[in-house]
Amino acid sequence: MQPTPNRMTRTFMDYGSIGQAMEALCAMYEKKLRDVNPTVQNLTYDISDLFNFIDGLADLSALVYDYTIQAYLPCDRQWIKTKLHRHIRCLARDHGRLY
């Protein structure tokens, strides 16, 4: 992840699963919302807000291990958005509501 064009802002993170990475991405966005809106108690957002956050990052990609070829495969921003959308839909279904 690189939030700004400055290469010094590039950060590498490691997660045990794609789901954990998607949770972390949501948490990053929620932290940004809290930083921008410190007096708001209950922040809400939808998937388009989250996608706008992702699109606003200078760079975002994932390296996902593929056991069949025993190598990491690069995944782009669109792949991340697809996985994030699927992750959020599963969370909503598990909580008895669908977005």
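Predicted model: local features only at pLDDT ≥ 70, side-chain atom pairs only at ≥ 80, totals over all residues.
A residue counts as buried when its relative accessible area is under 20%, as exposed when this area is over 50%, and as partly exposed in between. By this rule, Asp55 is partly exposed, because its relative accessibility is 41%.

The overall plan is considered before the details. The protein chain contains three helices and two strands. The C-alpha trace spans about 45 × 40 × 20 Å along its principal axes. Of the 99 residues in the protein chain, 21% are buried. Among contacts with a separation of 6 or more, 44% are between residues 24 or more positions apart.

The packing of the helices comes next. Two packed helices are described by the angle between their axes and the distance between the axes. For α1 and α3, the angle is about 90 degrees and the axes are 10 Å apart. These two helices are therefore roughly perpendicular to each other, since angles of 65 to 115 degrees are classed in this way. On the α1 side, the contact is made by Ile18, Gly19, Met22, Glu23, Leu25 and Cys26. On the α3 side, it is made by Trp79, Ile80, Lys83, Leu84, His87, Ile88 and Leu91. Sorted by class, the contact of α1 with α3 has nine nonpolar, two polar and two charged residues.

Helix α1 also packs against α2, at an angle of about 90 degrees and with the axes 11 Å apart. This angle makes α1 roughly perpendicular to α2. Here Leu25, Cys26, Met28, Tyr29 and Lys32 of α1 meet Asp49, Leu50, Phe53 and Ile54 of α2. The contact of α1 with α2 has seven nonpolar, no polar and two charged residues.

Which residues touch the most other members of the largest nonpolar core? This core has 15 residues, and the ones in question are Leu25, Leu50, Phe53, Ile54, Leu60 and Leu84. The elements that contribute two or more residues to the core are α1, α2 and α3. Helix α1 gives the most, with six residues. Leaving aside residues up to four places away in sequence, Phe53 touches Leu25, Met28, Tyr29 and Lys32.

Charged side chains provide a further theme. The structure holds two salt bridges. One of them joins Asp35 to Lys31, with the closest N and O atoms 2.9 Å apart. Both residues belong to helix α1, which covers residues 18–36, and they are four residues apart, about one turn of the helix. Asp35 is exposed, with a relative accessible area of 52%, whereas Lys31 is partly exposed, at 46%. Asp35 may also be compared in position with Leu91: the two are 56 residues apart in sequence and 25 Å apart in space, C-alpha to C-alpha.

The other salt bridge joins Asp55 to Lys81, and its closest N and O atoms are 2.8 Å apart. Asp55 lies in helix α2 (residues 47–56) and Lys81 in helix α3 (residues 77–94), so this pair ties together parts that are 26 residues apart in sequence. Is Lys81 buried or exposed? Lys81 counts as buried because its relative accessible area is 11%, and the limit for buried residues is under 20%. Not counting residues up to four places away in sequence, Lys81 touches Phe51, Ile54 and Asp55.

One feature of the backbone remains to be described. Most residues other than glycine have a negative phi. Gln70, however, has a positive phi of about 55 degrees although it is not a glycine. Where does Gln70 lie? Gln70 is placed in the loop between β1 (62–66) and β2 (71–75). Gln70 is also exposed, with a relative accessible area of 59%.

Notes. Residues numbered from 1 in each chain as written. Heavy atoms only, no water. Salt bridge = Lys/Arg side-chain N within 4 Å of Asp/Glu carboxyl O. Buried < 20%, exposed > 50% of the residue type's maximum accessible area, 1.4 Å probe, protein only. Core = buried A, V, L, I, M, F, W, Y, C linked by side-chain atoms within 4.5 Å. Contact = heavy atoms within 4.5 Å. Axes fitted to C-alpha atoms, helices over the stretch in contact; angles between N-to-C directions. Parallel < 35°, antiparallel > 145°, perpendicular 65-115°, else oblique. Nonpolar A, V, L, I, M, F, W, Y, C, P; charged D, E, K, R; others polar.
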